[in-house]
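The sequence and structure are shown first.

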Amino acid sequence: MYCRKCGKKIDDKAIFCDKCGEKVITVKQRSYSEKYNEKRKQEKSKYSKKKQENEELKNPYVFAAFITSVVATVLSFFPWPSSWSIGTSMWMRIVILVIALLSDYHSVKAHQVNNLYSKEYDYKVQPRMLSIATFLGVFITIIALFSIFNL
């Protein structure tokens, strides 16, 4: 090893140069592959932390949207016994419409929360379940409106 200031050869274990007294600073040289592997390890640890944070994120509107859309679907397609005479009654159609609209509301709120999460955390909570709930809610809303107004 050589001194940075005067260029004299010095011992590898020396702390100061014997000739000029300059403090010896050892610089560890790393190859490109070592730098690349170190960077990958840092990215993996950052990704695992982010994944762990994302698992803690919750969107309560997704479950509410899914449940209300399923309830509205079941109520609209359930084969009611003819002796009950509620399957085609106006009040039952209105109840189905209200539940379907509630499902639409929860779907919109769930999409808003997911958009917020995707901007801040680059993560969406249960997007498939939300898509199904949105489709069912809109579909049943349209059916309920047609049945109420006999279009």
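## Helix packing

The crossing of helix 3 and helix 4 is left-handed, that is, the near helix is turned anticlockwise from the far one by less than a right angle.

## Basis of the model

This is a predicted model, in which local features need pLDDT of at least 70, side-chain atom pairs count only at pLDDT 80 or more, and totals for chains, interfaces and linings use all residues. Residues are numbered from 1 along each chain as its sequence is written, and side-chain values use heavy atoms, with hydrogens and water left out.

## Helix 3 and its end

The 31 residues of helix 3 should span 45 Å at 1.5 Å a residue, and the distance of 45 Å between its end C-alpha atoms agrees. The expected span is 1.5 Å times one less than the number of residues. Just after helix 3, Asp122 adopts a positive phi of about 55°.

## Cysteines

Zero disulfides (pairs of cysteine sulfur atoms within 2.5 Å) are found in the whole structure. For Cys3, the nearest cysteine sulfur is that of Cys20, 3.6 Å away. The sulfur of Cys6 lies 3.6 Å from that of Cys17, its closest cysteine sulfur, and is therefore too far for a bond.

Definitions and conventions. Helices (H or I, at least four residues) and strands (E, at least two) are DSSP runs, numbered from the N terminus.
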